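Here are my notes on one strand and its neighbours. Please read them with the structure open.

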Amino acid sequence: MKKIGLMILAFLMTVAVCGVSSAAEDHGTAEQATAMVKKAIAHFKANGKDKALADFNDPSNKQFHDRDLYVIAFDMEGTMLASANTKLVGKPLMDFKDGDGKLVTKEMLQVAKTKGSGWVEYRWPNPITKLLDQKTTYIEKVDNYLLGVGIYKK
């Protein structure tokens, strides 16, 4: 009887681990976000701004849209040039505040201008869950633009 109990416990632990593993695969990691930014920068430099932005804004382009990972782009005046939320593309967002009142675009541009790259934390609607989630975005300055990819924290 004790052996059956141990087998059931082992089975339940396996199911729990597989469930956590499967849920984790639905979300991008910091390493994947950083790698996507590097890929976006290479694409931007190789193909030019117009082609790159068109590709970043195309949700069917799986190079730049993977689960909850997607490329964002801003010019240095705070106009959004690429996003999974295409309603924001072309909008000046320098004074845009997140759910906690944080000036997100302004902080991203400050990091880009002073450090060249880095992480910025804020709250943002998750395109998968539709909830306002904690997010951190890795950004890098390339020429006169900012490219970034964020991860939702769970």
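1. Start with I72. In this predicted model, I72 sits opposite G148 of strand β6.

2. How is β2 covered? Buried here stands for under 20% relative accessible area.

3. Check the two faces. L69, V71, A73 and D75 point one way from β2. Y70, I72 and F74 point the other way. All are buried, whichever way they point. In a regular strand, side chains alternate between the two faces of the sheet. Note that D75 is on the list of buried residues.

4. Now the β1 side. Strand β1 (residues 65–66) runs antiparallel to β2 and is joined to it by two bridges. Which residue of β2 is the bridge partner of H65? It is Y70. The β1–β2 hairpin leaves two residues between the strands, and R67 adopts a positive phi near 55° there.

5. Then the β3 side. Strand β3 (residues 80–82) also pairs with β2 in the antiparallel sense, over two bridges. F74 stands opposite M80 of β3. This hairpin has four residues between its strands. Which turn residue has a positive phi of about 95°? That is G78.

Definitions and conventions: Residues numbered from 1 in each chain as written. Predicted model: local features only at pLDDT ≥ 70, side-chain atom pairs only at ≥ 80, totals over all residues. Heavy atoms only, no water. Buried < 20%, exposed > 50% of the residue type's maximum accessible area, 1.4 Å probe, protein only. Pairing = 2+ DSSP bridges.
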